Amino acid sequence: MEPLLTYAGEHGALLILLITPLLWDVPAIFTVLELNAMMPITGGYYKWVKYALGTKWGFYEGWWTWLYTFVDLAIYPVLFVQYASFFYPDLAAYKIPICLTIIWASAGLNILGIVPVGKVSLFLSAAVLVPFVVLFVVAFYHHTGSVAVASPSVSEIPFPALGMALYTVMWNCLGWDNTTTYAEEVEKPVRSYLISIFSAFVLVIVVYVLAIWVAQLSGINHAVLTEKGFPALGVLIGGHWLGAVIALGGMASTLGIYAAVLLSVSRVPQVMSDDRLLPARLNKLHSQFQTPYVSIIICSIIVSLMVLWTFADLLIIDVTVYGAGLSLEYIALIKLRISEPERHRPFKIRLNIAGLCLMVLLPASVYFIALSGAISSTPQTIKPAVFAIVALLSAEVVWWVIAWRRRSPL
């Protein structure tokens, strides 16, 4: 979240941070809640799209999600090194070996199963929230000036910067469908998802808003916040000890999210291979832990190659590819409302077909504004945007290869 003030400025940061989740996340959350209530099965979004739109579009959904998650996973080891550099500034020179250590340690944890990953992620979540609670308390205790919010406005934000500001918030608020891929491994998946998703959404938005607001009140230089992160804000407000606590929290956050995201994506190749859309070896389960260890290992190999990208590039690729996959989930929702209107839905969005179509326009508008802003920016941001588009188009190429192999004798 640190680059947001650089992109959006004092007047636009909180406004974009509050409005974007309402337009981008809320429709996605309700869509996933209804589809997961209908079909709480292993494979989640891939199975929904395949069931509603056919095998080809199901493959597109799985392929795009697989690609975006490789990019998403590569972000967290890089951020870990950034936060760890607070203690050892020369650590950046060892970025690659540190990232590889994180990637393969998490692979080992995931092979052990969903329960160990869940327990570790829960512990690390607490480890990142506590430092920010301390930051907020210290900041408001010592703050003596006005606590007013800068007048909200986006009129002075250049369009390319607006696109990057949207990408920043969109990335920080995506992935609400991730946990549906292992629904059959969860007790009471419909109820569990309903409670956890609303709790997480409220907590995420409150923490993000308070963090950016405190940064504004502190008067920290936006470039410093972007380059050195929230630990620099901690040093400014409470001293080196608070910066160190926040840096430790940031390190814990990256480790926990990485492990949880790897857990979700490793189930998609497993179910796609069951449908003969990927090699059968991908669905091989560990003899003791019954986890898709081959899929986990392959994911980890590809992520090991992705850590060479910069954070800004990974962010653009990640959100662009993810948004395309999310659009298929929206279409699947509307299609199933039309084709199976009487099917039991423990959770149902209180909108008719026309209302659902209008709801889908909200995240679509945010998505295309962000993409247009990135493309119209500098050549440095055009490259990852073009790469993301090529990645999306690769689904059709791979689909033709699969269709050809199915027709060819084995």
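A definition before anything else: pLDDT is the predictor's confidence in each residue, on a scale from 0 to 100. We need that because this is a predicted model. The mean pLDDT over the chain is 86, and 97% of the residues score at least 70. Helix α10, residues 230-238, has the highest confidence, with a mean of 94. Confidence is lowest in helix α12, residues 267-274, where the mean is 74.

Now the overall shape. The chain has 16 helices and zero strands. Its C-alpha trace spans about 70 × 50 × 45 Å along the principal axes. Is that chain compact or extended? For 410 residues, a compact globule would have a radius of gyration near 22 Å, and the chain has 21 Å, so the two agree. Of the contacts with a separation of 6 or more, 80% join residues 24 or more positions apart.

On to burial. Of the 410 residues, 53% are buried. The chain exposes about 18,100 Å², and 70% of that comes from carbon and sulfur atoms.

Next, the core. The largest nonpolar core contains 132 residues. Which helix gives the most to this core? That is helix α4, residues 55-84, with 18 residues. Among the residues with the most contacts inside the core are W64, Y167 and F230.

Last, W64 itself. Leaving out residues up to four places away in sequence, W64 touches V321, A324, G325 and L328, and also A391, L392 and A395.

Definitions and conventions: Residues numbered from 1 in each chain as written. Predicted model: local features only at pLDDT ≥ 70, side-chain atom pairs only at ≥ 80, totals over all residues. Heavy atoms only, no water. Core = buried A, V, L, I, M, F, W, Y, C linked by side-chain atoms within 4.5 Å. Buried < 20%, exposed > 50% of the residue type's maximum accessible area, 1.4 Å probe, protein only. Helix = DSSP H or I, 4+ residues; strand = E, 2+ residues; numbered from the N terminus. Contact = heavy atoms within 4.5 Å. Rg over C-alpha atoms; globule rule 2.2 N^0.38 Å. Areas by Shrake-Rupley, 256 points an atom, 1.4 Å probe, with all protein chains shown as cover.
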